[in-house]
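Please keep the model open while reading.

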Amino acid sequence: MDTSQPILELQDVTISFAESTILKNVNLQIYSHETLVLIGLSGSGKTVLLKTLAGLYKPAQGHIKCYGLDWSELSSIGRHDFARKVGMQFQRSALFDDLDAFDNVAYPLREHTDFSEKKINERVIECLRAVDLEKAQHLQVQEMSGGMKLRLGIARAIALKPEILFLDDPTAGLDPISSDNMAELILN
C-alpha cells in the first residue's frame with residue numbers, strides 16, 4: 001500500500017438530512033497508521049461524520065474515497081467486500097438483540113470470512129477476552145449493562161482485525177478503571 005496517499009479522504013463533502021445541513025464542505029485526509037480524534041459539542045455532527053466515512057450515509061455532495069476508491073462508485077458486492085477492512089463501534093452499540101455476546105462478535109466473521117467454526121471460536125474468545133467479557137459470552141444483550149454492551153460493540157468491531165477502526169465515544173459511561181483499560185486496548 002502506498003503510504004503517501006490517504007486511506008480515507010473527504011472532498012468537499014456536505015451531509016444533509018431532509019432540509020437540515022449537518023456538515024458543509026468538509027475536506028479531510030487520513031493516512032495509514034494515523035489516529036484522528038473528533039471533538040465537539042453534542043449534536044455537532046461527529047457521529048454523522050463517522051457514519052459517512054464508513055459508507056453508511058451518502059453525502060449530499062462531494063466525494064468520500066477509501067484507498068482511492070469512491071464509495072459512491074462501489075457496487076453492493078464491492079461495498080460488502082470492502083466492509084471487511086472497516087470496523088465500527090457504534091455510539092449506542094447497535095448489537096443484535098436476538099444473539100448472545102458470543103454470536104454478536106462471531107457475526108462479522110461468519111459474514112465476511114470463510115473461517116472454520118473452530119477458528120471463529122478462537123477469534124471470538126480472543127476479542128471477548130480483550131474487552132474483559134469472556135465470562136459473559138453466553139449472556140443475551142438485554143442481560144448486559146451499558147458498559148458491557150459498549151465493550152461488546154468494540155469486541156465486534158475488532159473481530160475482523162480491520163485496517164480502519166471507527167470508534168464512536170468508546171469510553172462513554174465506563175468507570176475510570178474500565179475507561180483506562182479501554183484506552184489501552186484501543187492503543188494496542
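Met88 has Phe166 in β6 as its bridge partner. The structure is a predicted model, in which local features need pLDDT of at least 70 and side-chain atom pairs count only at pLDDT 80 or more, while totals for chains, interfaces and linings use all residues. Residues are numbered from 1 along each chain as its sequence is written, and side-chain values use heavy atoms, with hydrogens and water left out.

Strands β5 (residues 86-89) and β6 (residues 164-167) pair in the parallel sense, over 4 bridges. Two strands count as paired if DSSP finds at least two bridges between them; strands (E, at least two residues) and helices (H or I, at least four) are DSSP runs numbered from the N terminus. In a regular strand the side chains alternate between the two faces of the sheet. In β5, Val86 and Met88 point one way, Gly87 and Gln89 the other, and all are buried. Buried means under 20% relative accessible area, exposed over 50%, and partly exposed in between, with a 1.4 Å probe and protein chains only.

Next come the pockets. A pocket is an open set of points on a 1 Å grid over the protein atoms alone, where a 1.4 Å probe fits and protein lies on both sides within 12 Å along at least five of seven lines; lining residues have an atom within 4 Å of a point. Grid points are joined across faces, edges and corners, and a volume is the space filled by probe spheres set on the points.

The largest pocket has a volume of about 1,600 Å³. Its lining has 46 residues, and Thr35, Leu165, Phe166, Leu167 and Ile186 are the closest to its centre. Helix α1 (46-53) supplies at least two residues of this lining, as do β6 and α6 (176-187), among others; the largest share, 5 residues, comes from α1. The lining divides into 27 nonpolar, 11 polar and 8 charged residues, where Ala, Val, Leu, Ile, Met, Phe, Trp, Tyr, Cys and Pro count as nonpolar, Asp, Glu, Lys and Arg as charged, and the others, Gly among them, as polar.

The second largest pocket has a volume of about 550 Å³. Of its 20 lining residues, Ala83, Val86, Met88, Phe90 and His112 lie nearest its centre. Helix α3 (101-112) is one of the elements that supply at least two lining residues, and α3 gives the most, with 4.

Last, the cysteines. Cys66 counts as buried because its relative accessibility is 1%, and Cys127 is buried because its value is 1%. A search of the whole structure finds 0 disulfides, a disulfide being a pair of cysteine sulfur atoms within 2.5 Å.
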